[in-house]
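Trainee: Could we go through this structure term by term? I want to see what stands behind each word.

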Amino acid sequence: MATVDIREVRKAFGSTQILHGVSVGIEDGQFVVLVGPSGCGKSTLLRMLAGLENITGGEIAIGGRVVNNVAPKDRDIAMVFQNYALYPHMTVFQNMAFSMKLAGAPAAVMEREVGKAAKILGLEQLLHRYPRQLSGGQRQRVAMGRAIVRNPQVFLFDEPLSNLDAKLRVQMRSEIKELHQRLKVTTVYVTHDQIEAMTMADLIVVMNHGRIEQAGAPLELYDRPANLFVAGFIGSPAMNMLEGRIENGVFHGPGGVAWPLPPGAPASGDVIYGIRPEHLHLDPDGGLPATIHVVEPTGSETQTLMHVGGAPVIGAFRERISARPGEILRVSPDMSLIHLFDKGTGQRI
């Protein structure tokens, strides 16, 4: 196990800048998720950490050793790829033992280490099968097992669940987290799925256009997003954003609707008013009128697309709602969970 220090790392392909001075400190044994939309630079940063991409500027240190010019095989890391990268002509055992065989490990050591990893991952009955005889989830376990037997200082995962169906993704998510809790190996995990990030990470690093927007614990990012990008990216369904102006201590949103403000809000100014769908509640006596457009029951909650003052607003209610499109509900935000952002800079107020 080891710390990972990414210091002012930059990456350029010709004149195109991909990463703009990214810095992240990863503690020993921590599970860190790099998350962001396609093209934000998260996979490029992971590949630089693995040694698969050259570093244009800055430093990467693993266990206190700068590895900018160290070959991938000498970095003491193990990477699990999106497409599994298994050898089709090798059995599960041979795939998992391949790196040990290259290192000249005795047969007895390979048997022991592969056996231990197979037991952890539930692959003991599959060691003599070939990848074509396995399901997607089983192939992913084999790829993880191949990484485990190397006993690395750092695990790197590059969107490992994106090729799996929704149910299997949930299952594998739990398995990877349980594996980390058991092995306690420093892990860097890349995904575009914010649900994966929220449920798995000790530390989330939200990236956008080659820069870090915010880094913190999952609930820290959910409760206090630093800016509009993080507020809109973290949370599902996404936070409602309403443009308007505060005048005399009252927020006037689209259509002139007056939304309540939290204590300590500014007395005036142009702002973006944010409220998460799950932080709206039904208030038939004193709420704001919301015209129903779409009702989506999910079982555990009912999601509704409404218009308040002509602006679309999503609500997620625990109640079973029988309202039909065109009908009026009255809703109120939770006063303690309102977010305000500067309209010009997008930063949290």
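Predicted model: local features only at pLDDT ≥ 70, side-chain atom pairs only at ≥ 80, totals over all residues.

Trainee: What share of the 349 residues is buried?

Mentor: Buried residues make up 47% of the 349. Buried means under 20% relative accessible area, exposed means over 50%, and partly exposed lies in between (1.4 Å probe, protein chains only).

Trainee: What does the record say about residues 4–234?

Mentor: UniProt lists them as "domain: ABC transporter", in an unreviewed entry. UniProt positions are given in the numbering used here, feature names are shortened, and annotations may be inferred rather than shown by experiment. Over residues 4–234 the chain is 37% helix and 26% strand. The end C-alpha atoms of this stretch are 25 Å apart.

Trainee: How do you know what span to expect for helix α4?

Mentor: The expected span is 1.5 Å times one less than the number of residues. Helix α4, residues 136–148, has 13 residues. From first C-alpha to last it reaches 18 Å, close to the 18 Å expected.

Trainee: Why is α4 called largely enclosed?

Mentor: Of its 13 residues, 10 are buried, so α4 is largely enclosed by the rest of the structure. Among them are Gly137, Gln140, Val142 and Ile148.

Trainee: What do the buried residues of α4 pack against?

Mentor: They pack against β6 (77–80), α2 (92–102), α3 (107–121), β7 (154–158) and α5 (166–183). A contact means heavy atoms within 4.5 Å.

Trainee: What makes β3 and β8 a pair?

Mentor: Two strands pair if DSSP finds at least two bridges between them. Strand β3 (residues 31–35) and strand β8 (residues 186–191) have 5 bridges, in the parallel sense, and so they meet the cut-off. Phe31 has Thr187 in β8 as its bridge partner.

Trainee: In what order do the 6 strands of the open sheet run?

Mentor: The order is β6-β7-β8-β3-β9-β10, with mixed pairing. β6 and β10 (211–216) stand at the edges with a single partner strand each, so one side of each is left without a neighbour in the sheet. The twist averages 15° from one strand to the next. Axes here are lines fitted to C-alpha atoms, for helices over the stretch in contact, and angles run from 0 to 180 degrees between N-to-C directions.

Trainee: Which strand does β1 pair with, and over how many bridges?

Mentor: β1 pairs with strand β2 (residues 16–26) in the antiparallel sense, over 7 bridges. Val4 stands opposite Ile26 in β2. The hairpin of β1 and β2 has 2 residues between the strands, and Gly14 there takes a positive phi near 65°.

Trainee: How many bridges does β16 make with β17?

Mentor: β16 and strand β17 (residues 302–308) pair over 6 bridges, in the antiparallel sense. Pro297 has Thr302 in β17 as its bridge partner. Their hairpin has 4 residues between the strands, and Gly299 takes a positive phi near 105°. Another 4 bridges join β16 (residues 288–297) to strand β19 (residues 328–333), again antiparallel. Ala290 stands opposite Leu329 in β19.

Trainee: Why are Glu8 and Ala85 called partly exposed?

Mentor: Glu8 has a relative accessible area of 46%. Ala85 has 35%.

Trainee: Which residues does the cis peptide bond join?

Mentor: The cis bond joins Ser236 and Pro237, with omega about 0°. Pro237 is found in the loop between α8 (228–233) and β11 (240–247).

Notes:
Residues numbered from 1 in each chain as written. Heavy atoms only, no water.
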